[in-house]
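Subject: Structure handover

Hello,

Here is the structure I said I would pass on. My notes on what was found in it follow below.

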Amino acid sequence: MHGEYKVSGGKLVVVDLDERDGVLRDVRVAGDFFLEPDEAILAIDGALEGLPATTDAAELAARVQGGLPEGTVMYGVTPEGVAVAVRRALAQATDWTDYDWQFIHDEPQSPALHMALDEVLTAEVAAGRRPPTLRVWEWGGPAVIIGSFQSLRNEVDAEGARRHGTTVVRRISGGGAMFVEPGNTITYSLSVPASLVSGLSFADSYAYLDDWVLEALGDMGIKAWYQPLNDIATDVGKIAGAAQKRVVGPDGGPGAILHHVTMSYDIDADKMLDVLRIGREKLSDKGTGSAKKRVDPLRRQTGLSREAVIDRMVASFRARYGLSAGGVTEEERRRAEELAVSKFSSAQWTARVP
């Protein structure tokens with residue numbers, strides 16, 4: 001069995017092992033990390049050898065830590081990263097490069113249709129009828145997108161939204177509210193097979209699915225990192241937030257993951273505050289007294305046009321994993337348009353948590 005895991009902000013960890021009689025055998029850990037002293041790598045292998053295959057990631061990490069020689073220095077790798085690679089091997093997780101990725105970047109769509117496309121395309125990946133897909137959105141109008149479990153009246157100032165012509169929609173994933181305007185926002189979705197994140201905790205899957213965009217931002221001169229659970233941050237402020245939804249496959253199969261991210265290229269902070277109800281508790285939890293300081297747009301940090309930022313992000317993804325031009329099929333679009341009307345434009349869905 002073979003498992004790989006790119007430690008967030010670190011290096012690649014590779015584990016090869018066998019499972020015999022319910023225990024780990026012939027464990028070999030490798031990777032492009034740094035480790036001193038040399039014998040520490042054999043100590044890691046030895047700490048894992050013979051453990052029950054059902055050992056969870058926390059216990060695997062503890063065994064690795066406990067087996068290290070005194071004074072061991074690890075750079076680019078952690079005991080937790082080794083543990084995740086082991087669990088991914090046992091789960092027979094797939095890798096990014098195992099797939100032929102498809103790229104979709106269409107003309108502007110309504111907020112409701114974007115919500116519907118996310119649901120339909122991810123269901124198609126879960127059913128095996130569509131390859132893993134990266135979709136970059138173009139917005140047809142200003143919108144507030146609230147999380148699946150948020151209270152509508154607690155998050156949105158209805159009068160402010162009407163005054164600014166802002167459509168309010170509810171997405172199928174959890175997380176917080178987002179304020180978007182055409183030209184000021186970069187949004188993308190990943191619809192991926194669940195096997196891509198096999199062996200990862202829910203929290204770890206967020207950083208794993210966005211590691212590529214951190215590298216792309218780095219190429220643009222932005223030192224960014226993942227701030228658990230679902231923010232991409234820099235030393236001058238948050239620039240993006242992510243959300244996920246697990247979709248079960250046909251007949252209860254493994255299914256697929258919808259992972260979507262909204263990044264602030266530019267922002268009208270005054271308008272955002274007029275439309276969103278941002279409570280003091282949320283602001284204090286983020287360690288700031290002003291919502292305007294919570295988001296630092298990409299335009300300011302890169303000096304690049306929105307189109308150039310998107311092009312560089314897509315180029316980074318393509319260089320790492322491959323990416324072919326694609327599109328929404330006629331059948332997918334038909335189903336999405338129906339859902340946009342029957343579900344995502346309905347008061348019943350939008351106000352399902354009043």
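Contact here means heavy atoms within 4.5 Å. By that rule, and leaving aside residues up to four places away in sequence, Glu124 touches Arg129, Arg130, Glu332 and Arg335. Please keep in mind that this is a predicted model.

The overall picture

The protein has 14 helices and 16 strands. Its radius of gyration is 22 Å, close to the 20 Å that the globule rule gives for 354 residues, so the protein is as compact as a globular protein of that length. The C-alpha trace spans about 65 × 45 × 35 Å along the principal axes. Of the 354 residues, 53% are buried. Among contacts between residues at least 6 apart in sequence, 71% join residues at least 24 apart.

Around Glu124

Glu124 sits in helix H4. With a relative accessible area of 6%, Glu124 is buried. The side chain of Glu124 makes a polar contact with the side chain of Arg129, at 2.8 Å.

Two of the residues that Glu124 touches, Arg130 and Glu332, are themselves partners: their side chains meet in a salt bridge, 2.8 Å from N to O. Arg130 lies in the loop between helix H4 (111-126) and strand E7 (133-136), while Glu332 lies in helix H13 (residues 330-342), so the pair ties together parts that are 202 residues apart in sequence. Are these two partners buried or exposed? Arg130 counts as buried at 7% relative accessibility, and Glu332 is buried with a relative accessible area of 4%.

Other salt bridges

How many salt bridges does the structure hold? There are 21 of them.

The side chains of Glu181 and Lys271 form a salt bridge of 2.8 Å, N to O. This pair links distant parts of the chain, 90 residues apart: Glu181 is in the loop between strand E10 (178-180) and strand E11 (185-193), and Lys271 is in helix H9. Glu181 is buried, its relative accessible area being 12%. As for the network, salt bridges that share partners join Lys6, Asp211, Glu215 and Arg320 into one.

Helix H9 (residues 269-275) also holds Met272. Met272 is buried, with a relative accessible area of 8%.

An α-helix has 3.6 residues a turn, so residues three or four places apart point the same way. Glu159 is partly exposed, with a relative accessible area of 41%, and Arg163 is partly exposed at 47%.

Arg170 is in strand E9 (residues 167-170). The side chain of Arg170 does reach the backbone oxygen of Thr350, at 2.8 Å.

The two sides of helix H2

Helix H2 covers residues 57-67, and Leu60, Ala61 and Val64 in it are buried. These three cover an arc of only 100° around the axis, which puts them on the same side of H2. Ala58 and Gly66, on the other side of H2, are exposed. Which elements cover the buried residues of H2? Among them are strand E3 (23-31), helix H1 (40-48) and helix H3 (79-90).

Regards

Notes. Residues are numbered from 1 along each chain as its sequence is written. This is a predicted model: local features need pLDDT of at least 70, side-chain atom pairs count only at pLDDT 80 or more; totals for chains, interfaces and linings use all residues. Side-chain values use heavy atoms; hydrogens and water are left out. Helices (H or I, at least four residues) and strands (E, at least two) are DSSP runs, numbered from the N terminus. A polar contact is a pair of N or O atoms within 3.5 Å; within protein, one must be able to donate a hydrogen and the other to accept it, and residues adjacent in sequence count only if both atoms are side-chain atoms. Buried means under 20% relative accessible area, exposed over 50%, partly exposed in between (1.4 Å probe, protein chains only). The arc is that of the directions from the helix axis to the C-beta atoms. The radius of gyration is taken over C-alpha atoms; the globule rule is 2.2 Å times the number of residues to the power 0.38. A salt bridge is a side-chain nitrogen of Lys or Arg within 4 Å of a carboxyl oxygen of Asp or Glu.
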